[in-house]
Amino acid sequence: MHFVEVILPLSLAKTFTYSVSEAEFHYIKKGMRVAVPFGKSKIYTALVIEIHQNKPTLYEAKEIHQILDENPIVTEIQITHWQWIASYYMCAIGDVYRSAIPSALLLESETVISQKQDLFVDQSFLSDDEFLVYEALQQQSSLKVQDIISILNKKNIFPVIQKLIDKNIVVLQEEIAESYKPKLVRYVRLHSKYDSNAGLGELLETLKNANKQKEIVLSYFQLSATEKTRGEAERSGAKPITVKKLVEAAHSSSAIIKALIEKEIFEDYFLQEDRVNFNGKIREEELQLSQAQQTAFEEIKTSFTQKEVCLLHGVTSSGKTEIYIKLIEEYIDSGKQVLYLLPEIALTTQLVGRLRTYFGNKVAVFHSKYNNNERIEVWNQVLVNSEKAQVVLGARSALFLPFHNLGFVIVDEEHEQTFKQVDPAPRYHARDAAVVLANSHKAKVLLGSATPSIETYFNATSEKYGLVEISKRFGNVMMPNIELVDLKDKYFRKRMTGHFSDVLIEEINTALSLGEQVILFQNRRGYSPIIECITCGHVPQCQQCDVSLTYHKHKNQLRCHYCGYTTAKPTHCHSCSSVDLTTKGFGTEQIEQELISIFPNSKTGRMDQDTTRGKFGFEKIIDSFKNREIDILVGTQMLAKGLDFDNVTLVGIMNADNMLYHPDFRAFERSFQMMTQVAGRAGRSEKQGKVIIQTYNPNHNTIQQVTNNDYLGMYKEQLYDRQIYKYPPYFRIIKLTLKQRDFDKLKEGTMWLYQVMSQNLNMPVLGPEEPAINRIRNEYIRTIIIKIPQNTSIVNTKKTIQKILNSFEAVAQYRAIKVTLNVDFY
């Protein structure tokens, strides 16, 4: 007998074995999808990772339901890489499979309910709900679960279905349907009998009294003369014209085209087309690098001869993107694929334009704002090593594409925390996973940043990675001039207007009078994080989380940023009924409102999670700002990364202290990175930029380091602290998060787990502690942190942790506690 080992898209920590017939065995390959039964009746799309003759010992192998692919859709290197992610980040391989594959390729069966044939049913024995289902089955042969929910107008319909099955009236079947549909475009061509001159004469005679039809035929001939040939029509010499284009050109309707097809004057046909296409002009002239860029370019190439990974540490606006483009050129000329990873979808919108002016239709984009069909098209293009996907630009999910010939990986803004997936599993870090993927393909990795993460810079200075540095901005543009404003002093002297100091207002006025643009940074969305009653001090809290509700003025509602709970803004205090309510703190929405009142003649825009929800949300705002339709742009950390606006001369950081005092060992490092990156948006062309940082603590070390652009000072100070307090890069950290609705059970369970870990692991174990927000979605939270020294085997430590967790799960009273593992959670 023959067997296949498969991964199911479920959070199960193992693979499963199914049997295959002789015919299937000769056809099936690794990386193909198969439909397999699992559980009582459900059918899932599983992925074949092994073909063998070893019968499973613990269970009877079921037969696969069907083979879904003609060719493998996943490569062997991908499967190996997924297994590494599952092993390193301590999650189930099914979680990686579900996260990696576009959801339209993860078919899941739908339950279909149909009536048994030739059966007499005594309707008097049916309840009202059963009768409604039975009556609906008289009208149509089968019903889906969703149909029955609509018919009965209730969510729990399974007891009704079960009773009908018990009464032998209906049967259940599982039905699988492919959800991806290629985009087909309708074209028309002239019938072959009118190809000759005689045929054209006959055609005009036929249409002499049908003026509208005649107009369409003449428009068709005009378009044929100007249209370019393409596809199969190119080979036949005909010039393909879409129905849509013909209708527009003739100012007519599709009904007339339909009449011409019925008369056999036109024939219609369909061609498959990509949903995302690039039609712009490609720049002909060659990219010229400056002296500093050329030196860095040569140093990177030299570094790649000795090391697999190189860090490009270049100050903001030093022209790192041009160096990337030059390197990409070399790799695609040698027939290799290139992966360009970015931390934010907002960045892809601006960068894709720049790349396509050099590489045209060789650039593909892959991120979560693309719909399922578009993502599958990119997946298929990468799989067949298509010309259209030589350069893949994307957020962290692009890492999972089926590359065949990957030669070069760029991780831009490598320090960004958005490269780390928080939820759901796999909780991987795209930068680290990209280095492992590149190693599998024998590819090179370039990490780029103006403010590298301390771990990466440590690897570079200890010669694990290559290091190339650029200390000057492109075109010898000066670094921005940074000025600190002491908010304590300004409030004391009454020189504040709302949250704006007199210095910032004066600088904004100067910039606007010169026709220049301004960026203001406040890393908190909404209008205000707290609404407080002045009389009794009551603050509205989320019903499901241990957090205050954020006020969003535009929608006049209070919203929880953790679970999404919303309620209307209260008119009076719910505790003492006082009407004296005030807001505390401020977010981007409040800054925008204040700007409108202080600068009524300027156009103001806002860029945060609330304003960029749509598919093209980022593009609209970025394009408006680039086209100078917006004078002042307020935003959260989305603005801090790699965006390039040549007319911005002033950047204002509204409150620098927000970031400094987070209960996180990376707070100072992250604050330095964020402020330096935001400051780097200023003065990127001829004129020197200016940055105003408003702070209550201008003498703080980190703020002084930002002012002096002293990355090395920050790095050495943080490295010293990390060594003393046992943090990365000297120690690896695994964080366990435990959740349960019952507070006492959680407390007891976490204490048990902590004690067992302390006894069995010969390393620091911290906890169990309550995080700053200790209840989300009605679940209480406790965390345990394990610090693994550099000289200790991380593989053996993880095995020990897994054994302890298995023992924990085996204790009946702790089984309801959810445990999530986060390796390298920072």
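Helix α13 has 14 residues, and at 1.5 Å a residue it should span 20 Å; its end C-alpha atoms are 20 Å apart, so expectation and model agree. The expected span here is 1.5 Å times one less than the number of residues, and helices (H or I, at least four residues) and strands (E, at least two) are DSSP runs numbered from the N terminus. Before going further, please keep in mind that this is a predicted model, in which local features need pLDDT of at least 70, side-chain atom pairs count only at pLDDT 80 or more, and totals for chains, interfaces and linings use all residues. Residues are numbered from 1 along each chain as its sequence is written, and side-chain values use heavy atoms, with hydrogens and water left out.

Most of α13 is covered, with 11 of its 14 residues buried. Buried means under 20% relative accessible area, exposed means over 50%, and partly exposed is in between, using a 1.4 Å probe and protein chains only. Among the buried residues of α13 are Ile323, Ile325, Leu327 and Ile328, but also Lys320, Glu322 and Lys326. After the helix comes glycine 335, whose phi is positive, near 85°.

Now step back along the chain to α12, residues 291-306. Its 16 residues should span 22 Å at 1.5 Å a residue, and the end C-alpha atoms are 24 Å apart, which agrees. Which residues of α12 are buried? They are Gln293, Ala296, Phe297, Ile300, Ser303 and Phe304. Seen down the helix axis, these buried residues fall within an arc of 125°, so they line one face of α12; the arc is that of the directions from the helix axis to the C-beta atoms. On the other side, Gln291, Thr305 and Gln306 are exposed. The cover over the buried residues of α12 includes α13 itself, along with the strands β12 (309-314), β16 (406-412), β17 (444-449) and β18 (466-470). Contact means heavy atoms within 4.5 Å.

The loop between α16 and β17 holds lysine 442. Its phi is near 60°, a positive value in a residue other than glycine, and lysine 442 is exposed, with a relative accessible area of 71%.

Arginine 628, in the loop between α21 and β29 (632-635), has a positive phi near 65° and is not a glycine; at 47% relative accessibility, arginine 628 counts as partly exposed. A cis peptide bond joins proline 728 and proline 729, with omega about 10°, and proline 729 sits in the loop between α25 (711-724) and β32 (731-740).

Aspartate 610 belongs to the loop between β28 (604-607) and α21 (617-626). With 21% relative accessibility, aspartate 610 counts as partly exposed. Leaving out residues up to four places away in sequence, aspartate 610 touches Arg525, Gly526, His552 and Arg559.

Finally, let us look at the empty space. Rolling a probe the size of a water molecule over the atoms shows where empty space is left. On a 1 Å grid over the protein atoms alone, a cavity is a set of points where a 1.4 Å probe fits but cannot get out, whereas a pocket is an open set with protein on both sides within 12 Å along at least five of seven lines; lining residues have an atom within 4 Å of a point. Grid points are joined across faces, edges and corners, and a volume is the space filled by probe spheres set on the points.

The second largest pocket holds about 1,000 Å³ of space. Its lining has 33 residues, with Met90, Cys91, Ala92, Gln802 and Leu821 nearest the centre. The elements giving two or more residues to this lining are α2 (76-88), α3 (93-100), α27 (794-810) and β36 (818-823), and α27 provides the largest share, nine residues. By class, the pocket lining has 20 nonpolar, five polar and eight charged residues. Here Ala, Val, Leu, Ile, Met, Phe, Trp, Tyr, Cys and Pro count as nonpolar, Asp, Glu, Lys and Arg as charged, and the others, Gly among them, as polar.
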